[in-house]
Amino acid sequence: MLPILIAGGGIGGLALALTLQQIGIPFKVLEHVREMKPMGVGITLQPNAVRELFDLNIGPKLLDQTGIPIDTWTLAASDGTEIHTEPRGLDAGYNWPQYAVHRGAFHMVLYQALKSRAGVGAVRLGQRVTGYRHNTDGSVTAFIDTAKGPVEETGSLLIGADGMHSRIRAQMHPTQPPIQWGGSVMWRGTARAKPPRGANTFLALGSSEQRLMLYPISPADRETGLVTLNWIAERQIDPTSDWQNIGWFRPAVLNDFAHHFDSFRFDWLDLPDLMRHSSAAYENPLIDRNPAPHWVEDRVALLGDAAHVMYPTGSNGATQAIVDARTLGAMMLQHGATPRALAAYNDRLCAPVSDLVLRMRSSGPLALLDQYKAHNTGREVDVETLLPKHERTRFLAEYRSAAGFDCRALNGAPPTIPTSARRPLQSA
């Protein structure tokens with residue numbers, strides 16, 4: 001049996017490889033970097049992704065090496081007024097926690113798990129997939145650039161998990177619109193500090209014009225009470241600017257932008273000071289892509305950011321990539337490693353996740369911050385009058401349902417990959 005070719009060894013690609021190893025389908029991961037290194041800062045894993053990780057035997061022992069469970073989610077206005085707080089993860093009744101992790105550390109956990117289970121040759125580094133060809137015998141060939149020149153690899157299927165700049169998506173959708181930029185810039189970083197709203201709290205503050213997301217990605221030090229705080233600061237700028245002149249994870253000089261957030265100073269948080277005590281900061285344009293009409297072309301499919309790169313306003317990117325991988329694996333259990341499995345995967349996820357991309361472009365759950373700002377005329381009126389709790393609760397419930405982690409539905413759903421279909425773990 002020809003292997004399934006996975007273009008890209010990021011979170012989605014590795015989650016798919018681990019799934020295929022678990023259900024006994026041969027694969028090869030083709031990754032363009034020559035050395036896997038822990039890259040990035042903090043990300044959030046929603047309970048629907050954590051459930052899939054647990055079923056992949058990536059459990060608390062491993063996840064606790066990369067971050068911490070989140071038990072509280074809080075929204076606050078630009079003046080520090082608390083708008084909404086709700087429990088998350090186990091405290092919200094889920095059977096699985098919500099995690100905040102260091103993206104690079106988490107990525108390396110997946111990579112090491114795959115190497116230990118499938119062997120060191122499971123991931124081929126220094127191989128960038130640049131395109132593909134459908135063959136008359138029912139196979140698919142990937143075109144690959146390597147340091148020694150172009151090569152070809154043939155497989156039963158090709159899965160494009162090669163990110164927002166996917167070469168595979170570009171071939172599948174040659175007339176796709178360019179990357180979409182909404183006029184905002186993000187600066188991301190980490191700092192050692194005391195958590196301003198609790199050691200396991202995700203905080204979002206401000207509005208879409210100027211916004212902060214802040215959460216810990218390490219447990220509190222027993223002696224100092226310090227945690228590693230992940231922060232994402234966003235600011236709208238002139239939307240006619242050329243976003244391509246903005247860096248993509250380019251190191252940023254803190255003093256060049258921290259002053260924009262001088263108003264984010266309260267008795268419980270001094271954001272400019274927190275930024276200036278960060279070990280490093282990175283600049284990114286806030287970008288996504290318009291949804292693709294389909295993710296599948298015969299024996300080729302898209303997964304993760306290649307299929308649905310989205311704004312981080314709902315913390316859904318990595319979560320959805322993991323869910324993609326597990327859903328695709330489930331379809332292969334039903335239909336084999338065939339185009340029919342890819343079509344079933346597309347039918348299951350393409351339309352609802354495309355809707356989610358647009359929801360995130362409109363600020364996702366953080367849209368409550370803009371709703372509060374729109375209702376606030378500056379008069380002394382309490383939050384409950386401006387934005388009643390039942391309205392906030394309904395709005396967030398609709399978001400969780402759209403994002404695939406409604407608590408009752410998730411707790412009541414059978415495993416994506418049945419226990420009976422999972423092979424015993426094997427060490428290489």
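The axes of helix 8 and helix 9 cross at roughly 150 degrees and come within 8 Å of each other. An angle over 145 degrees counts as roughly antiparallel, and the two helices are therefore roughly antiparallel to each other. Please keep in mind that this is a predicted model.

**Helix 8 with helix 9**

- The crossing of helix 8 and helix 9 is right-handed.
- On the helix 8 side, the contact is made by Q320, D324, T327, L328, M331, M332 and H335.
- These residues meet R340, A341, L342, A344, Y345, R348, L349, V353 and L356 of helix 9.
- Sorted by class, the contact of helix 8 with helix 9 holds 10 nonpolar, three polar and three charged residues.

**Helix 8 with helix 2**

- Helix 8 (residues 317-335) also packs with helix 2 (residues 47-55), where the axes come within 8 Å and cross at roughly 50 degrees.
- Helix 2 and helix 8 are therefore oblique to each other, and their crossing is left-handed.
- Helix 2 brings N48, A49, E52, L53 and D55 to this contact, while helix 8 brings T319, I322, V323 and R326.
- The contact of helix 2 with helix 8 has four nonpolar, two polar and three charged residues.

**Helix 9 with helix 12**

- Helix 9 (residues 339-361) packs against helix 12 (residues 389-402) with the axes 10 Å apart and at an angle of about 140 degrees.
- That angle makes helix 9 oblique to helix 12.
- L356, R359 and M360 of helix 9 form the contact with E398, Y399 and A402 of helix 12.
- By class, the contact of helix 9 with helix 12 divides into four nonpolar, no polar and two charged residues.

- Eight strands make an open sheet with mixed pairing, in the order 6-5-14-15-16-13-20-17.
- R211 stands opposite E234, which is in strand 16.
- Helix 12 lies across strand 5 (72-76) and strand 6, and runs at about 50 degrees to strand 6.

- Strand 2 (residues 27-30) pairs with strand 8 in the parallel sense over two bridges.
- The bridge partner of V29 in strand 8 is V123.

**Salt bridges**

- The whole structure contains 16 salt bridges.
- One of them joins the side chains of E153 and K28, with 2.5 Å from N to O.
- This pair links distant parts of the chain, since E153 belongs to strand 11 (residues 149-155) and K28 to strand 2, 125 residues apart.

Definitions and conventions
Residues are numbered from 1 along each chain as its sequence is written. This is a predicted model: local features need pLDDT of at least 70, side-chain atom pairs count only at pLDDT 80 or more; totals for chains, interfaces and linings use all residues. Side-chain values use heavy atoms; hydrogens and water are left out. Two strands pair if DSSP finds at least two bridges between them. Helices (H or I, at least four residues) and strands (E, at least two) are DSSP runs, numbered from the N terminus. Axes are lines fitted to C-alpha atoms, for helices over the stretch in contact, and angles run from 0 to 180 degrees between N-to-C directions. Angles under 35 degrees count as roughly parallel, over 145 as roughly antiparallel, 65 to 115 as roughly perpendicular and the rest as oblique. A crossing is left-handed if the near helix is turned anticlockwise from the far one by less than a right angle, and right-handed if clockwise. Contact means heavy atoms within 4.5 Å. Ala, Val, Leu, Ile, Met, Phe, Trp, Tyr, Cys and Pro count as nonpolar, Asp, Glu, Lys and Arg as charged, and the others, Gly among them, as polar. A salt bridge is a side-chain nitrogen of Lys or Arg within 4 Å of a carboxyl oxygen of Asp or Glu.
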